[in-house]
Each structure stands twice: as structure tokens, then as C-alpha cells.
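The sequence and the structure are shown first.

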Amino acid sequence: MTIQTHNSNVLMNTSTMAYRNLLKTMHNPDQFMDVIVQPVMFMLMFGYLFGGAIAGGVQAYLPTIVPGILIQTMLSAASGSGSQIREDLDSGVFDRFKSLPMAHIAPLAGQLFGDVLRLIIATITSLTTGYFMGWRPEVGFGWIVVIGLLAILTGWALSWLFALVGLLAKHAETVQSFSLMTMLVLSFMSNAFVPLKSLTKPLQVIARFNPVTGVITAIRQILATGSWTQSALLVLVFDLSIVVVFAPLTVWAYDRN
Amino acid sequence: MTAIKAVEVSHLTKKFGHQTVVNDISFDVQPGEVFGLLGPNGAGKTTTLRMMTTLLKADTGQVKIFGHDTIKEGRLARSMFGLTGQYASVDADISARENLMIFSRLNGLSRQAAKQRTAELLAEFSLEHAADDPLKNFSGGMRRRLDLAVSLITRPALIFLDEPTTGLDPRTRTQMWETIRQLVRQGSTVLLTTQYLDEADALADRLAVIDHGKLVKVGTPAELKQQVGGTKLVFTVSERAQVATAVRVLAPQVTTAVQQIGQQLQISLNQLSQLAPILAAINQAKIEISQLSVQEPSLDDVFMTLTVGKN
């Protein structure tokens with residue numbers, strides 16, 4: 001008896017791989033730690049610790065910190081895909097994927113599309129925690145969705161970059177420590193938690209050039225004005241450029257493996 | 001018309017840096033046979049297998065699977081074999097059923113067909129009771145069975161097994177052998193690597209002995225054993241004083257010198273018909289012997305003779 005197979009295509013293979021990643025996370029809920037526990041913890045901790053010192057109160061601090069933590073969480077969620085890819089490559093299961101008559105790119109694509117779910121969860125958790133702490137943006141719900149999508153797109157664009165790091169690095173540990181460092185430096189050396197004016201001059205220059213600052217500024221502007229701003233457009237262009245530049249590089253590094 | 005070979009390996013070579021890991025290896029595997037790649041650790045078995053299964057690019061040389069070049073017709077060639085790697089190549093984070101489902105889908109089965117095949121394989125490999133448990137709770141043997149089940153989703157005509165029983169306990173090992181034999185009965189061609197001689201002896205129709213990246217010998221286990229000398233007659237002379245006499249008396253009866261280890265004598269037999277005159281000569285000289293045995297050469301002897309130990 002023969003088994004009926006049809007020529008599988010990239011889309012079908014990719015969705016199967018994305019489903020596999022989803023199953024993996026379902027079986028290991030601790031993989032959701034960084035997208036659920038971390039934003040809640042940081043939001044509470046930073047909000048109540050620094051709110052008084054920086055903004056004169058938690059309520060006044062929330063418009064600053066909610067977008068800040070949101071983007072920080074995106075960074076850390078995106079960095080997870082790098083170490084995930086490295087771990088996958090190191091395990092025997094990747095050999096099996098490669099020996100199958102399937103679209104060559106599907107495991108990588110599946111990982112990156114599966115990550116979108118993590119990013120969505122991270123966004124919802126961050127914004128909901130903010131809401132419970134008393135954050136009440138004065139714009140309509142539609143704009144909240146817009147900033148959520150902008151954050152998710154940013155996170156997704158960055159996950160290509162981290163995937164590249166994961167593919168080039170030799171060990172999963174290297175990827176993890178690199179990701180953690182990048183996440184800390186980029187999120188703290190920005191306007192995520194403190195006003196830029198409070199920084200020393202050299203630090204201000206660095207923070208201004210930090211793309212994280214740009215993304216956070218754009219989100220704050222949308223939330224403050226309830227309109228699509230120039231800086232939001234800039235973020236959109238920035239995100240898409242990252243994908244355009246890094247997607248081929250990542251695919252190249254993947255082929256090389 | 002010549003029949004298409006299941007595997008055709010010609011002049012395969014692979015270097016890692018300056019080290020030549022696989023050195024100009026060529027061999028064929030006939031459809032329906034179990035072909036064993038035998039060699040010590042680090043001989044280049046797995047590297048050869050990885051090149052045959054398109055996981056690794058060869059520096060030079062060619063591999064054809066049922067007549068299809070693995071480079072030029074990679075996808076077609078890949079659709080014709082199943083692979084079970086040395087390290088369990090299943091997803092440890094998800095259940096057995098999910099593994100089978102996902103790999104079925106990736107192999108191009110429809111959702112309905114994937115479900116049906118998953119159920120069949122779970123039953124066939126006695127994994128039904130643990131189908132939805134996380135693989136973390138699986139024993140080594142169960143994992144290996146699942147691994148093999150995944151390789152068999154499309155009922156491939158050719159199955160590659162990389163050290164299928166390494167690390168398994170004797171009982172699970174025997175079960176695995178039985179599973180492999182059953183595959184062959186169903187018409188599959190099996191290519192396996194192993195460092196266990198008894199495994200090669202028990203399973204393989206033909207063997208290729210590999211050492212230091214080179215193909216040392218190809219043949220049936222019987223042929224290989226013949227290579228290292230035929231049957232041996234071994235016995236012990238009861239009286240120490242009679243040992244010298246025994247050697248002298250036997251000299252005209254044997255073609256190769258009698259080997260003496262203490263009171264034990266070993267004689268290589270070219271033909272079993274030599275046995276009677278030898279025993280008659282011993283009897284005539286009134287030499288008392290004990291612990292007589294006729295020993296067939298084992299693959300151990302083949303292995304020791306053909307391969308040069310790295311340690």
C-alpha cells in the first residue's frame with residue numbers, strides 16, 4: 001500500500017511549522033514567562049518604584065512607562081526567537097526537517113511566524129497591566145490597536161535580526177547572553193523610563209540615536225494626539241527596512257547552516 | 001536491463017579542514033537487502049550516512065537513490081527514503097501523536113491521511129498508551145521506536161538507520177532488531193550503521209567495513225569471516241609433557257603452523273575433512289586431550305583484523 005502524498009508547498013509547510021512551535025509553547029508554558037510575567041513584573045516594579053521620583057506619582061508616570069515597557073517586552077520576546085532557532089538547530093530534529101521533501105525555508109519561516117503569537121500576547125499583557133494600574137489613554141480604542149500593531153511589527157522585524165544572530169552564533173548560551181545584553185542596553189539607554197532631558201549630554205546623544213527611543217516617541221505621540229504622526233510613519237519605514245535587509249541575510253545564514 | 005540499485009555511492013569524499021573524514025568511498029545497495037556500514041567510532045560511518053541523506057554536501061563524489069542524484073534531484077531523492085538519526089530526531093517538547101501528525105503533514109499527507117497514518121503507526125509501534133504524554137517521560141526504547149515510526153510515515157522503500165540500537169538495553173535491542181527484520185519482510189531496503197558486530201551479523205545481508213574514512217572491505221558476513229581465516233580447531237593437551245609430541249605429530253597434517261598457548265593448541269582448518277586425520281593422529285600417539293572445540297571465525301575477528309584501533 002502506498003501513502004498518498006501531494007507536493008507540499010511553502011505556505012503549507014510553514015503553517016505546519018508554526019503550528020509545531022505553537023504546540024511546543026503550549027506544552028512548555030514557561031516559555032511564555034518572558035511575554036507574560038516579565039511585562040507584569042516590570043510594569044509594577046518600575047511603576048511603583050520610580051513613578052514618584054520621575055513623574056511625581058504613579059498615575060503621571062504611566063503614559064511614559066506603558067509604551068516603554070511595551071517596547072522593552074517586544075525586544076525581549078523577539079530575542080527569544082534567536083535562541084529558539086539555535087536550540088532547534090542543535091537538536092537532532094533539524095536533521096529530520098532537512099531530510100524531508102519539504103520546503104527548505106519552512107522551519108525558519110514557521111519559527112518567525114509562530115513568534116507573532118508571542119508578540120501579541122506580550123502586547124496585550126503589557127497594555128492590560130497598564131490599564132489595571134490606572135492607565136487611561138484619552139484616544140479611542142482604535143488607536144490603542146494601532147500602537148499595538150506598531151509594537152508587534154517592530155518586535156517581528158527585530159526577531160529577524162535576532163534570528164540572524166542565532167544562526168551565526170555557535171551556542172545557545174551565546175545567543176541568550178547577547179540577547180539579554182542588547183535588550184538591557186537598548187531599552188534602558190532610551191526614553192523608555194526617563195525623560196531624555198534628565199540624561200547627561202553624551203547619554204542624550206546615544207539615547208536619541210537609539211531606535212527604541214524613536215519607536216516609543218511615536219507611540220506616545222499617537223496616544224497623546226490620537227493621530228498618525230510623522231514619527232509613526234518613520235517607525236513603519238524603519239521596521240520594513242529591517243525586514244527587507246535582514247530577511248535575506250537571515251535566509252542566507254540559514255542556508256549556510 | 002539492469003535493475004535499479006537502491007543506493008549507488010561513487011567516490012564519496014569529505015574533508016573537515018585538513019582531515020579527510022571520508023576518503024573515496026564507493027558501494028552499491030541492492031533493493032530489498034539490509035546493508036551494514038560497520039566501523040569503529042570515528043571511522044566516518046555517520047559522515048557517509050549524512051552525505052547519503054543530503055544532510056551534508058560531499059566534497060566530491062555522487063550518491064544516487066533509486067537512480068536519482070541526491071544533489072540534482074534532491075527533493076525527489078529525499079521523498080524516497082526515511083532517516084532515523086543517531087540521536088533521537090523527534091521533538092522532545094511535544095507528544096508522540098503530535099510528532100507523527102506534524103511529520104506526516106510535512107511529508108505532504110492531507111490532514112485526514114495524517115490522522116489515519118498516525119493512528120496506524122502508534123499501534124504498530126505499541127505507543128498508543130503513551131501517545132499523548134510528553135516525550136520527556138519516554139524511555140530510550142520508546143523514543144527510538146517513535147523515531148523509527150516517524151521515518152516510516154510514507155512507507156519509504158529505503159530506510160537509513162544510524163546506530164539504531166546504541167544505548168538501548170538488550171531487551172529493547174532485540175525488539176528493535178525484530179522491527180527492522182519486519183521492515184525487510186515488508187519489502188524495505190535498509191541501510192544501517194553500527195559498531196556492534198553481533199548486530200551486523202544478525203541483521204545485515206552485506207557489510208561494508210569502514211576504517212579511517214576508507215572502505216576496507218565489502219561482502220556478506222560469511223565472506224568477511226572467510227577473509228580472516230576459516231574454522232579453527234582448539235583443544236588442550238592434558239599432560240604438559242605431551243605438548244611437544246603433539247605439535248610434532250600434527251605437523252604433517254596441517255597447512256599452517258600449529259599455534260601453541262600454554263597447553264592449548266590451535267589449528268586452522270581449510271576444510272572440515274582435515275578434522276578426522278588430525279584426531280586419528282592424536283589418538284595414535286596416545287595423547288590425551290580435553291576441551292575440544294571447533295570455532296567459526298566471528299565478526300570480532302574480522303573487525304580486529306581489518307580495522308586499526310585508534311587508541
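## Helix α1 of chain A

In α1(A), the buried residues are A:Asn13, A:Thr14, A:Thr16, A:Met17, A:Ala18, A:Arg20 and A:Asn21; a residue is buried if 20 or more other C-beta atoms lie within 10 Å of its own, exposed if 12 or fewer, and partly exposed in between, with C-beta atoms placed from the backbone. Helices (H or I, at least four residues) and strands (E, at least two) are DSSP runs, numbered from the N terminus. The buried residues of α1(A) pack against α5 (106-132) of chain A together with α3 of chain B, where contact requires that the C-beta atoms of two residues, placed from the backbone, lie within 7 Å.

The model is predicted: local features need pLDDT of at least 70, side-chain atom pairs count only at pLDDT 80 or more, and totals for chains, interfaces and linings use all residues. Residues are numbered from 1 along each chain as its sequence is written, while chains are lettered from A and ligands numbered from 1 in the order in which they are written.

The 18 residues of α1(A) should span 26 Å at 1.5 Å a residue, and the end C-alpha atoms are 26 Å apart, which agrees; the expected span is 1.5 Å times one less than the number of residues.

## Contact between the chains

Contact between the chains involves 23 residues of chain A and 27 residues of chain B. On the chain A side, α1 and α4 (93-99) each supply at least two residues, and α1(A) gives the most, with six residues. By class, this side has six nonpolar, 12 polar and five charged residues; Ala, Val, Leu, Ile, Met, Phe, Trp, Tyr, Cys and Pro count as nonpolar, Asp, Glu, Lys and Arg as charged, and the others, Gly among them, as polar.

The axes of α1 (residues 10-27) of chain A and α3 (residues 96-106) of chain B come within 9 Å and cross at roughly 165 degrees. Axes are lines fitted to C-alpha atoms, for helices over the stretch in contact, and angles run from 0 to 180 degrees between N-to-C directions. The two helices are therefore roughly antiparallel; angles under 35 degrees count as roughly parallel, over 145 as roughly antiparallel, 65 to 115 as roughly perpendicular and the rest as oblique. In this pair, A:Asn13, A:Thr16, A:Arg20 and A:Leu23 meet B:Glu98, B:Ile102, B:Arg105 and B:Leu106. The contact has three nonpolar, two polar and three charged residues.

## Packing within each chain

Within chain A, the axes of α3 (residues 58-90) and α7 (residues 172-188) come within 9 Å and cross at roughly 170 degrees, which makes α3(A) roughly antiparallel to α7(A). By class, their contact has five nonpolar, nine polar and three charged residues.

Within chain B, α3(B) and α5(B) pack at about 20 degrees with axes 10 Å apart and are therefore roughly parallel. B:Ala96, B:Asn99, B:Leu100 and B:Phe103 of α3(B) make the contact with B:Leu146, B:Ala149 and B:Val150 of α5(B). This contact has six nonpolar, one polar and no charged residues.

## Positive phi in chain B

Most residues other than glycine have a negative phi. B:Ser126, not a glycine, has a positive phi of about 45 degrees and is found in the loop between α4 (111-124) and α5 (140-151) of chain B. With 11 C-beta neighbours inside 10 Å, B:Ser126 counts as exposed.

B:Arg155 likewise has a positive phi, near 45 degrees, and lies in the loop between α5 and β7 (158-162) of chain B. B:Arg155 counts as partly exposed, with 15 C-beta neighbours inside 10 Å.
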